[in-house]
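Here is a short tour for anyone meeting this structure for the first time. Have a look at the sequence and the 3D view, then read on.

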Amino acid sequence: METVLYLDELSKKFGSLQAVDRLTLQVEAGSIYGLLGPNGSGKTTTLGMVLDVIRPSGGSYLWFGRSISNETKQRVGALLETPNFYPYLTAKANLQVVADTKQADHRHINKMLDMVGLGTRSHTTFKGFSLGMKQRLALAAAMLNDPEVLVLDEPTNGLDPQGIAEVRDLITRIAAQGKTILLASHLLDEVEKVCTHVAVLQSGKLKANGPVGDILSAQDQLLISAEELAPVLQLLERLPYVVRFAQDKNTISLTLSEGYTSTDLNRDMFAQGIVLSQLLVRRKSLEAQFLEITQK
Amino acid sequence: MNLIKTELRKILQYPTFWVIMATYVLLQVLLIYFSSSFMVSGQSLGKSLYDFPNLWMRFSYIAYFFNLLLGILVIVLITDEYSYRTLRQQVIDGRSRTEAVLAKFYVTLGLAATGTIFLLIMGLLFGLIYSKDTSIGAIFGKIDYLSYFFVQAVGYMCLAMFFAFLIRKSGLAIIAFLAWSKIVEPIIHYQIDDSIDRFMPMKVFGSLTPTPGQEIIDGLTSPTLALSPAWAVLPALFYIALLVLASILLVRLRDL
């Protein structure tokens, strides 16, 4: 598969603060790549560097296998932090400025305004827009010349539930057209719902990356207890599919390797004459998983 | 061409632009009109002020004061791009940083051209009405002063552009621009020898539109060593190039 964006040991220092620390990752064509991390973890700085507005202190990056130029920029639609427009210009005039810069066809402007639901407001000046409308105008601008890649920084930030749903729906619709999307977010469920791949950042460091299923949907945890814990512990030692277990007073918590469920465990226990008094499957919350990743 | 088209889209729909330009035109018309009643050594200057061909020299000297206004306009246009974050958006969307600066340089050229054409119209208007001599030779006798004024206006605006890209905040950039051109550099002029300070930027730009009647003053006191307008063009172009290059360098080396 073609690599759309490749980061090689990319770093940024602001004074004594290491905002991004030797970040290496690659985004494949067609993926929805989530950049996940708490506020201040270096997501925006990373996007700023690959979008040519923040100068890296070290490392390099390549778009479509080559260094950044006006030509590669025009293949990428991006929305960094806030929607940036001239407040005194109308929605349409603002998009005309963007179309000039991207060398996009001006005939797309009305179509894009319609797509984000601003068709009837094209002659309203930008300063008269609500936050949600501003965000939608920014999405229209980002998609003006039908780019292969979309870079979105916290696209649902500050929106009301309806606005969030609309933007997410828009993203999924765009992704369905086979476009690559790079999405920065601090919202776990957003990344889990929308993305195919994820990189977890903390304090500028890459903590984990890979397909969302591998990173965020870790194995479920089981809690068991029995009258006598000693034979249970002995058996757990010998069961090959138990990844780890730990005793906590009267209960034992354990994780099973992939493909095994509580049924397997219960059957094996019973076969050895052990009757469990409690068997509880606990799905780890996204938050718990995230904390686990970032505290490694 | 694309750069200029985009700049025009932004500027022509900007109310602040029209307010500053209206102020520029109005104040200049007033000053040109009422300067004939100024008193010099107990005598009113009178309508002789509008005589061709010296009119071009006098008018460009009057217009010289209004370059500050053009400079402030340039600062507003550039610092706006920082406060709206539109400069960074344009670099994201498909422009190089050098192009972003060049676009503003083209704006200064456009504004200087506008100012020069305005001066030409004012000169022809007042001259044809009041001048004693309206022969072709007289009308176009010293019209080269308009080109000196053009270079001067570009120079002033490039200095403003440099401060705008350096400071990025409109208020502070305007203060720095006014402080340098009207206070700091003049103080330096007093401290150093005329033979050197005549090559300093504001002095060079000033030399392009000499004070009318300077020759008379020179006759009474010791002559100044200021460069003649024609001689000041070369160092002025040098400073313009330097300021544009410095602006490009600033924008290329910093985060947006």
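## Ground rules

A residue is called buried when its relative accessible area is under 20%, exposed when it is over 50%, and partly exposed in between, using a 1.4 Å probe and protein chains only. This is a predicted model, so to speak of a local feature takes pLDDT of at least 70 and side-chain atom pairs count only at pLDDT 80 or more, while totals for chains, interfaces and linings use all residues. Residues are numbered from 1 along each chain as its sequence is written, chains are lettered from A and ligands numbered from 1 in the order in which they are written, and side-chain values use heavy atoms, with hydrogens and water left out.

## Where the chains meet

Let's start with the contact between chain B and chain A. Counting heavy atoms within 4.5 Å as contact, chain B brings 28 residues and chain A brings 29. The size of an interface is often given as the accessible area lost when the parts come together. Here, the buried area (accessible area lost by two parts on being put together, 1.4 Å probe, summed over both) is about 2,700 Å², and carbon and sulfur atoms give 49% of that. On the chain B side, B:R9, B:I92 and B:D93 lose the most area to chain A, together 24% of what that side buries.

Polar contacts turn up here too: 24 residue pairs across the interface, both residues at pLDDT 80 or more. The rule asks for a pair of N or O atoms within 3.5 Å; within protein, one must be able to donate a hydrogen and the other to accept it, and residues adjacent in sequence count only if both atoms are side-chain atoms. Helices (DSSP runs of H or I, at least four residues) and strands (E, at least two) are numbered from the N terminus. Helix 5 of chain B gives the most to the side of chain B that touches chain A, with seven residues.

## Salt bridges

A salt bridge puts a side-chain nitrogen of Lys or Arg within 4 Å of a carboxyl oxygen of Asp or Glu. B:R85 and A:E81 make a salt bridge, at 3.2 Å from N to O.

Within chain A, A:D21 pairs with A:K205, also at 3.2 Å from N to O. The two sit 184 residues apart, A:D21 in strand 2 (residues 17–28) and A:K205 in strand 9 (residues 205–211). A:D21 counts as buried because its relative accessibility is 15%, whereas A:K205, at 41%, is partly exposed. Another chain A pair is A:E148 with A:R75, at 2.7 Å between the closest N and O atoms.

In chain B, B:K104 and B:E7 come to 2.7 Å between their closest N and O atoms. B:K104 is in helix 6 and B:E7 in helix 1, so this pair ties together parts that are 97 residues apart in sequence. Both ends are buried: B:K104 has a relative accessible area of 6%, and B:E7 has 4%.

## Tucked away

Which helix of chain B is largely enclosed by the rest of the structure? Helix 3 (residues 54–65) is, because nine of its 12 residues are buried. Among them are B:W56, B:F59 and B:Y61.

Cysteines can be hidden as well: B:C158 is buried at 0% relative accessibility, and A:C195 is buried at 9%.
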